[in-house]
Amino acid sequence: MDALPTGGRNPQHNGAKAPAGTLQSVGRALRVLEAIAASPCGVSAKSLAAQLDLTLPTTYHLLTTLVEAGHVVHLTDQKVFALGYKARFLGQALSRQLAVPPEIAAAIRRLHQHADAAAYYAIYRDTEVVIAHVEDSDRRPRVQPLDVGFHQASHATAFGKIMLAAMEQQQRARYLEQAGMTPCTPSTIRTREALEEHLSHVRQSQIALEIAEFQPGLACMASPVFDPAGCVTASVAISLPIAEFRARRWAVERAVRQGAVRVTRALVSRPRG
């Protein structure tokens with residue numbers, strides 16, 4: 001691969017002139033960073049340009065900026081670009097911002113132990129449904145990519161269904177319009193009508209279940225957490241292989257419901273202000 005170009009004109013896709021300001025460049029740089037982060041072994045400039053529908057000179061210009069900022073590195077021997085070492089600070093900062101109080105972390109840890117399953121705590125963060133805490137072990141590892149900061153596929157995850165079911169209908173419609181309902185597996189619910197029917201049962205039972213909707217072979221179950229005003233503010237969930245989940249279904253459900261009650265009590269009794 002040639003060295004990164006420096007200086008010179010920055011052509012836009014299809015020769016279009018860049019609009020005044022830098023917002024378009026910022027958006028493109030973030031798309032480049034996200035694409036690099038999604039690649040397990042790094043990605044070439046040509047592949048990035050094709051993937052993001054950018055010209056090669058524009059791609060190089062964006063890469064140069066990200067390399068100089070330390071968020072991307074150019075692995076010359078492999079002829080690819082990968083995440084730089086500054087990128088890790090973004091993930092660490094997000095984890096700090098999403099950090100839960102000790103009593104909630106303890107309740108999720110107790111759920112992990114009682115259910116003998118990886119346990120998750122999801123919250124509303126503005127208009128997103130985001131995982132804020134995970135408790136797992138070598139015996140019961142978390143499902144990848146269900147880690148702190150994960151905020152996708154709410155229609156296909158048990159914790160996401162709890163949060164969707166608690167939204168007002170118009171709010172839920174806006175959320176799904178923006179987030180979409182991308183099928184994760186052949187079992188993923190694919191239509192708004194089917195999802196609305198499913199969520200009505202979630203509201204009635206106060207339990208959400210998904211079997212192979214997010215990942216093949218995986219089952220997840222979740223229950224709502226309430227704030228002092230009685231509104232759903234979060235959810236707790238577990239994940240297990242399907243066969244084991246079915247063998248222990250009712251014991252696991254008791255553990256999930258009890259875990260949600262413990263977290264609710266922790267929130268209600270937590271001092272305000």
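Leaving aside its neighbours within four places in sequence, which residues is Ala115 in contact with? The close-ups below begin with the answer.

View 1. Leaving aside neighbours within four places in sequence, Ala115 is in contact (heavy atoms within 4.5 Å) with Ile238, Arg248, Val252 and Ala255. Everything here belongs to a predicted model, in which local features need pLDDT of at least 70 and side-chain atom pairs count only at pLDDT 80 or more, while totals for chains, interfaces and linings use all residues. Residues are numbered from 1 along each chain as its sequence is written, and side-chain values use heavy atoms, with hydrogens and water left out. Ala115 belongs to helix 5; helices (H or I, at least four residues) and strands (E, at least two) are DSSP runs, numbered from the N terminus. With a relative accessible area of 1%, Ala115 is buried; that word stands for under 20% relative accessible area, with exposed over 50% and partly exposed in between (1.4 Å probe, protein chains only). Ala251 is 136 residues from Ala115 in sequence, yet their C-alpha atoms are 7.4 Å apart.

**View 2. The whole chain, for orientation.** The protein chain comes to 10 helices and seven strands. Of its 273 residues, 42% count as buried. Take the contacts between residues at least 6 apart in sequence: 58% of them join residues at least 24 apart.

View 3. Asp116 sits in the loop between helix 5 (102-115) and strand 3 (118-125). Its phi is near 50°, a positive value in a residue other than glycine. Asp116 counts as partly exposed, at 23% relative accessibility.

View 4. Helix 2 spans residues 45-52, and its buried residues include Ala45, Leu48, Ala49 and Leu52. Seen down the helix axis, the buried residues fall within an arc of 100°, so they line one face of helix 2; the arc is that of the directions from the helix axis to the C-beta atoms. An α-helix has 3.6 residues a turn, so residues three or four places apart point the same way. On the face turned away from the buried side you will find the exposed residues Lys46, Ala50 and Gln51.

**View 5. Asp53, where helix 2 gives way to a loop.** Asp53 follows helix 2 and is found in the loop between helix 2 and helix 3 (56-69). Phi of Asp53 is positive, near 60°, in a residue other than glycine. At 47% relative accessibility, Asp53 is partly exposed.

View 6. Rings of Phe, Tyr and Trp (its six-membered ring) pair if their centres lie within 6.5 Å, with planes under 30 degrees apart counted as stacked, over 60 as edge-to-face and the rest as tilted. This rule gives one aromatic pair. The ring centres of Phe150 and Phe214 are 5.8 Å apart and the planes are at 80°, so the pair is edge-to-face. Phe150 lies in the loop between strand 4 (128-135) and helix 6 (158-166), and Phe214 in the loop between strand 5 (208-211) and strand 6 (218-226), so the pair ties together parts that are 64 residues apart in sequence. Both Phe150 and Phe214 are buried.

**View 7. A cis peptide bond at Pro145.** The loop between strand 4 and helix 6 also holds Pro145. The peptide bond from Gln144 to Pro145 is cis, with omega near 15°.

View 8. Ala208 has Ala222 of strand 6 as its bridge partner.

**View 9. Thr264 in helix 10.** Thr264 is part of helix 10 (residues 249-269). It counts as buried, at 15% relative accessibility. Leaving aside neighbours within four places in sequence, Thr264 is in contact with Pro224, Val225 and Phe226.

**View 10. Arg249 over Trp250.** The charged end of Arg249 sits over the ring of Trp250, 4.4 Å from the ring centre. The criterion asks for NZ of Lys or CZ of Arg within 6 Å of the ring centre and within 35 degrees of the ring normal.

Technical notes. Pairing = 2+ DSSP bridges.
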